[in-house]
Amino acid sequence: MADEQFSLFSADSGATDGAAAAPRPVDFDAIPTDGAVPIPPGIYPDLETLGTHCRGCLRCDLAATRTHVVVSRGSPTAPVLIIGEGPGQQEDEQGLPFVGKSGQLLEKILESVRFNTETDVYICNIVKCRPPENRVPTTAEVAACKGYLLEQIRLVDPKIILLTGATALKALLGVKSGISKVRGQWMEWEGRLCMPIFHPAYLLRNPSRDKGSPKWLMWQDIQAVRAKVDELRQ
């Protein structure tokens, strides 16, 4: 299996003597069990294989405290991919992202602009296992899991990526600005359109719908996303 996967990212077979040495093959079966083994681009043939690795992953210390690995939900061919920070308690218990109160609010936000969570969006997180007490994932935990996320993006191939909250924004784009300063702005990453948005949990803590409030701003942002998806489809 490892040799087959390595062919996806091996050096040009026509390289001449004196050229840079080809990278050593990655042990495909060791990826989920050893955090020192990288997750190279193109290693997974499909989301099902990626999910199998994720569900048996031991790449960081979060594996010791989880109930379930939370891989994703939604459509594998969705035009919109939504990235959260990490699973909470209910997500850890059910093995699905955004299923607690934050998830219920996210569903309402998406439905308000006619996005169906089973056909129009693919939802995942920066880290696939719940950090204890819902703390922010560490740099090492993010690094251990990032290869899975990048492969999810490659395989889903979305038109738009929504980054919910500062952790998702920093982890994928490297942008350290507060989410309030950059939310609603279109950014480009790897040839894809991305938009930082408020995390639904933040909206639950700020229930006002007055003009200029977080909920009001989210309404503007999600309408812009709907319009952009329609534009790209045309």
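Two strands pair if DSSP finds at least two bridges between them; strands are DSSP runs of E of at least two residues, numbered from the N terminus. By that definition, β2 and strand β4 (residues 160-164) pair in the parallel sense over 4 bridges. This is a predicted model, in which local features need pLDDT of at least 70 and side-chain atom pairs count only at pLDDT 80 or more, while totals for chains, interfaces and linings use all residues. Residues are numbered from 1 along each chain as its sequence is written, and side-chain values use heavy atoms, with hydrogens and water left out.

- Within β3, Y122 is the bridge partner of L81.

**Burial of β2**

- Strand β2 (residues 80-84) is largely enclosed by the rest of the structure, because 5 of its 5 residues are buried; buried means under 20% relative accessible area (1.4 Å probe, protein chains only).
- In a regular strand the side chains alternate between the two faces of the sheet.
- V80, I82 and G84 point one way from β2, L81 and I83 point the other way, and all are buried.

**Cysteines**

- The structure has 0 disulfides, a disulfide being a pair of cysteine sulfur atoms within 2.5 Å.
- C129 is in no disulfide, and its nearest cysteine sulfur, that of C60, is 6.2 Å away.
- C129 counts as buried because its relative accessibility is 9%.
- C194 is likewise in no disulfide, with the nearest cysteine sulfur, that of C124, 12 Å away.
- C194 has 0% relative accessibility and therefore counts as buried.

How values were computed: Buried < 20%, exposed > 50% of the residue type's maximum accessible area, 1.4 Å probe, protein only.
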